[in-house]
Amino acid sequence: MGKPYKKEVSKIKKDLISIAEKKRDEFDLSKIKQLGIWKKKEKFTEIYKYPPYQAYDSLKFEELPEPKFKNEEAVIYNHFPFCLTKCVYCPFYSLIEETSPIKVKEYLTCIKKEIELLSQKKDLKKIKVKSVYFGGGTPTYIPIEDLEDYINFLKEKFDIKPGTEFASEASPETILTKEGEKKLSRLLDLGLNRLSIGVQDFNDEILKLIGRAHNSSEALKAIKTVKDVGFQNVNVDIIYGLPGQTRENWENTINLSSNIEVGSLTVAYLRIKPGERDVIHNKSMYWLFKNKPELFPTEDESFFFYLMMNERLKELGYKQRQCNWFTRSEKFVSRYLVERWQNLKDTIGFGVVASTSVGNIDYHNVNNVEDYVNAIKKSEFPFFKGKILTDDEMMRKKVAFGFKTDLIKKDYKDKFNANIREKFNDLLDKFINLKLCYETDKRFELTDLGRFLSDEICREFFSEDVKNRVKEYNKKLDEKVLNKEENKNE
Ligand code: SF4
């Protein structure tokens, strides 16, 4: 699986901090901060679609044109919103079954019905699936017999060739027991071939503070189990910027993360901002930050943490492919993200809060499970909001997500029959001058600092219309968060 990790920890410790300090001193951050491109901890949101949902129109489903699948190829996203417990920082739509008005079985019946509804409009068997993704929530929370039934249903409905990337998110506490091991083994037999395990940190106090349902040794045990069962393609999610993180304990997390020798590591910046898709999430973390900001590393210190991780992983032979994804080799790169972000492959999303992007049509499903189930029961698409993208916006999307994956000049030329500099000359030069990116014959690439700021750079390519809509939306959301009534619900 690549170069093993052999250095003594004491030697690494000394080296790593000084290497990261040296690296940090290469950058002049003042200009970047002046220009407002620097991260703002409590405002930070990860860009994972263009336009972001905040810029959607209140269209009706009937107003959307019939989706035309490009070359009849697509990736499929499936949302399973259930978790064993709710993490303090959770920025996703997730539910605890006991308190949820809708239980797992009913939800699964509905998500299958949503696929049936689409199959009445479109021969899904004609769609060659390039990747299937199970996100959440915690998909591995779902009982294996239900997952098996759902996977078989997908295979029956779509053209999914053996060996197609079949990826799922997982959480350690759902795969630790003997039963969990059996579940993993069955999933492997059913064709699941990539597992992304949410660990977030290897420090027990931090894990407790952020409300994870596992400790560090359980996370290590879960990763070992996944590998022992036979998963070759394993990703581990780590978050930096968490309360309680210090250079010392972060270094330990780096050492453990790189010791486990998985195929890839996702190293994401903490999201504190309490709101997505018209729903206020993440409230506990937001108020912890508001009341005790000293628990959290500053943006500058978070950049230092990023450099520490970056330098260590580079030294061990990892390559930073997608902006926050470090892979040991090409075979561990997430096809789902490459197809969706880099190649702009059509994406069909099923389930509550799932989003779909086909050609220039983008839309989101409803943002809560009751509305989702009610719509499906009436045989209606659980449509929430959407947007039809102009040619200008499709070009912006290509560049913004190119910077999160790989911005190849020829890809842009082939798609739009134009040189990338024709439209984005000034912005590209601006980022080159700020040493956030550089140009080669074939592509534009982000520097280490640029990768740390990839979401902020992405945002600069948004159209003025989208920027204004996002600004307006966030203003309203901030007011809602600060509203006393909301505080009472903490
Ligand atoms: S496991 Fe993931 S989705 Fe579930 S509550 Fe925690 S952060 Fe949210």
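Two strands pair if DSSP finds at least two bridges between them. Strands (E, at least two residues) and helices (H or I, at least four) are DSSP runs numbered from the N terminus. The model is predicted: local features need pLDDT of at least 70, side-chain atom pairs count only at pLDDT 80 or more, and totals for chains, interfaces and linings use all residues. Residue numbers start from 1 along each chain as its sequence is written.

View A. Strand 15 pairs with strand 17 (residues 443-446) in the antiparallel sense over 2 bridges. Phe444 in strand 17 stands opposite Leu407.

**View B. The crossing of helix 3 and helix 12.** The axes of helix 3 (residues 104-121) and helix 12 (residues 369-377) come within 10 Å and cross at roughly 55 degrees. Axes are lines fitted to C-alpha atoms, for helices over the stretch in contact, and angles run from 0 to 180 degrees between N-to-C directions. The two helices are therefore oblique to each other (angles under 35 degrees count as roughly parallel, over 145 as roughly antiparallel, 65 to 115 as roughly perpendicular, and the rest as oblique). Helix 3 contributes Glu106, Tyr107, Cys110, Lys113 and Glu114 to the contact, and helix 12 contributes Val369, Tyr372, Val373 and Ile376. Residues are in contact if their C-beta atoms, placed from the backbone, lie within 7 Å.

**View C. The surroundings of the ligand.** Among the residues around the ligand are Cys83, Lys86, Phe92, Thr138 and Gly198; a residue is near a molecule if its C-beta atom, placed from the backbone, lies within 6 Å of it.

Note on methods. A crossing is left-handed if the near helix is turned anticlockwise from the far one by less than a right angle, and right-handed if clockwise. Two residues are in contact if their C-beta atoms, placed from the backbone, lie within 7 Å.
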